Each structure stands twice: as structure tokens, then as C-alpha cells.
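Please keep the sequence and the structure in view while reading.

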Amino acid sequence: MLPTYWPKENRFRTMLREGPPPMMMYIALDSVNLVEMLGAYGVDAVIVDFEHTATTLEEASNKITAAENAGITTFVRPSHIDFAETGRLLTLGAQGVVYSMVSSEEDAEAINRAVYYPPLGERGFAGPHGRYARWTGTAAASEDPDYKLFSSKYIEAANDALAKIFIIENPAGVENLEKILEIGKPDAVQFGAADFAVSVGFDQAKVAAAKKRIYNVARSNGVGMVLTVVPPDDQEYYPGCIFYGGVESTVISDAMYDRVKAVRSRISELGLSH
């Protein structure tokens, strides 16, 4: 039996290799209950968002814990490609990182430095005093001769347990995609359609062309794509792709809108409108 501090199997990566394809959702609201609910419904991975929310490290830690208890793989999306922020989030126990605005091979190199321990990267090793290692004492961490915390075997296992998703959302990222994939070796890529549309003045022809290029390059390089289901994606599934369930705040908002609209319609039918 593996010691409690040993890196756990990344269920998301296992599903990418062996199937079935994983389903993931973004978490924007500060509620661990929603994370547990998604686990109850069978969502495989959640992304705790730091880019567009006011989420704190404490709140992220609580969501990561809730996801672990629900059997979900937790990704974090740092506010930007940042060495220190990434390290702190991974020390909380996240098993994957989603990076926005990946635009160049330099970005891909910076990401690898941030997420991996040496020799693959430069991530700081917290040793036993981190949540990811369950704050294991030094004596316990050295007790098992086959699974020591302070060992190259642990570092290799920890590096292998991390998943990466790159969001490509500007013309530079689309243009440099081959080099980004070659250097960064992400598990999957996602097209950031909204930010890309803003960057090209909402030119829908350019948006469609960028989406098609990202899909073709990712597929030809054996890298999965994040595919939407609602609305249905116009791009074909292939092994390694991920199905995307959206952002939980948007899903909840749509459900609330439909319910309020139904109630208002009923009030109108009864002639009780203002």
C-alpha cells in the first residue's frame, strides 16, 4: 500500500489514456457544496478559477479537499503564468493546471518551469510541510525504503501526476501553436473563443479559422481538444479529447432564468402582471 503522502493517481490522465473521455467543468462560485454536487453527478474534473474570480487560497484549498472527497481531479487556473502562484496552488494538492493566454514557446517553457520539479522544471519542493504531502513528518517520510518522500522516485511520480491544459486565445498563440505543443506537451488544449473574438474585433471568419487550425494542429500532434456539448461542438471527437460542461455559474444562471421566466409567464396568464 502506498504511503498517504505519495502522489495519487491522476484519474483525469488515466481516462485520457484509457477512456472513457473525461468531463470537466469550471468552478467560479465560492461554494464547496457545488463541487460535491458535481462529484455526485459524475463530473470527472473541475477547474478552480483564479483568473476571473475573487477566489482566495483558503477557498481554493477547501474546494480541492471537497473535490478529492468526491473523487474528482482538481485543476487550478492561475491568474496568469506565474511561478510563485502556481507553486502555492499545487502545494494545496491540485493535480492539474490550466493556463490562459498561452501565446509562445517562451510561455510554454515558463509553464514547465513552474509546474515541474527539477530536472524538468524549477518548482520549489515543500517536502513534508505541504498539504499535498499531508504534512507528513520527516521520520515518517523516510520510513518506507521503497517510497521515501525525499527521493528521485517521489519527484518522478509527482511530475507524472500533473496534468496541463493550455488555452489558446489570441492570434499569436494560434500562429505559434506547433512550437507551443512541442515544448509544453500539454495534455489538451482549449480554444478561448471569447478572448480571441475580442482580439480580432469580433471577426467571426477569423474566429472560425482559428478554431479549425487549433483543432487540426492538436489532432495531428496527438494532443486532445476540449469539446463543448451544450451547444454541440462542430468538431469531431477523437481519442484524447475532453468533454466540457461549461462554467457552473452560467449553468445555474440559465436554470434560474428559465424558472423565473416560467413563474412570470404564469403570473401573466392569471392577469396579475404589474
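## Pairing of strands

Two strands are said to pair if DSSP finds at least two bridges between them. The strands themselves are runs of at least two residues that DSSP marks E, numbered from the N terminus. An example of residues facing each other across a pair is valine 226, which stands opposite isoleucine 242 in β8. The model discussed here is a predicted one.

In general, strands of a sheet pair through backbone hydrogen bonds, and the pairing is either parallel or antiparallel.

## Overall form

The protein contains 12 helices and 8 strands. Along its principal axes, the C-alpha trace spans about 75 × 45 × 35 Å. For 274 residues, a compact globule would have a radius of gyration near 19 Å, and the 20 Å of the protein agrees with this.

Of the 274 residues, 47% count as buried. The accessible surface comes to about 14,000 Å², and 56% of this surface belongs to carbon and sulfur atoms. Contacts between residues at least 6 apart in sequence were also examined: 62% of them join residues at least 24 apart.

## The barrel

How many strands form the closed barrel, and in what sense do they pair? The barrel has 8 strands, in the order β1-β2-β3-β4-β5-β6-β7-β8, and the pairing is parallel. From one strand to the next, the twist averages 30°.

Several of the strand pairs can be followed in the structure. Strand β1 (residues 23–27) is joined to strand β8 (residues 242–247) by 3 bridges, and the two run parallel. Within this pair, methionine 24 has tyrosine 244 of β8 as its bridge partner. Strand β8 also pairs in the parallel sense with strand β7 (residues 224–228), over 3 bridges.

## Strand β2 and its neighbours

On one side of the discussion stands the pair of β1 and β2, which run parallel and are joined by 4 bridges. Here tyrosine 26 stands opposite isoleucine 47 in β2. Strand β2 (residues 45–49) is also joined to strand β3 (residues 73–77), again in parallel, by 5 bridges. In that pair, alanine 45 stands opposite threonine 73 in β3.

Is β2 mostly covered or mostly uncovered? It is mostly covered, since 5 of its 5 residues are buried. In a regular strand, the side chains alternate between the two faces of the sheet. In β2, Ala45, Ile47 and Asp49 point one way, while Val46 and Val48 point the other way, and all are buried.

Which residues of helix α7 (residues 152–160) are buried? They are Tyr154, Ile155, Ala158 and Asn159. These residues lie on the same side of α7, because they cover an arc of only 130° around the axis. An α-helix has 3.6 residues a turn, so residues three or four places apart point the same way.

The cover over the buried residues of α7 includes α5 (105–115). The face turned away from the buried side carries the exposed residues Ser152, Glu156 and Asp160.

Two cis peptide bonds may be noted here. One runs from glycine 19 to proline 20, with omega near -10°. Proline 20 has its place in the loop between α1 (11–18) and β1. Another joins valine 230 and proline 231, with omega about 0°. Proline 231 lies in the loop between β7 and β8.

Lysine 185 has a phi near 45° and is found in the loop between α9 (177–184) and β6 (188–191). Phenylalanine 202 has a phi near 60° and lies in the loop between α10 (193–199) and α11 (204–220).

Are these residues buried or exposed? A residue counts as exposed when its relative accessible area is over 50%. Lysine 185 has a relative accessible area of 60%, and therefore it is exposed. Phenylalanine 202 has a relative accessibility of 55%, so it too counts as exposed.

Technical notes: Residues are numbered from 1 along each chain as its sequence is written. This is a predicted model: local features need pLDDT of at least 70, side-chain atom pairs count only at pLDDT 80 or more; totals for chains, interfaces and linings use all residues. Side-chain values use heavy atoms; hydrogens and water are left out. Axes are lines fitted to C-alpha atoms, for helices over the stretch in contact, and angles run from 0 to 180 degrees between N-to-C directions. The radius of gyration is taken over C-alpha atoms; the globule rule is 2.2 Å times the number of residues to the power 0.38. Buried means under 20% relative accessible area, exposed over 50%, partly exposed in between (1.4 Å probe, protein chains only). Contact means heavy atoms within 4.5 Å. Accessible areas come from the Shrake-Rupley method with a 1.4 Å probe; for residues, only the protein chains shown count as cover. The arc is that of the directions from the helix axis to the C-beta atoms.
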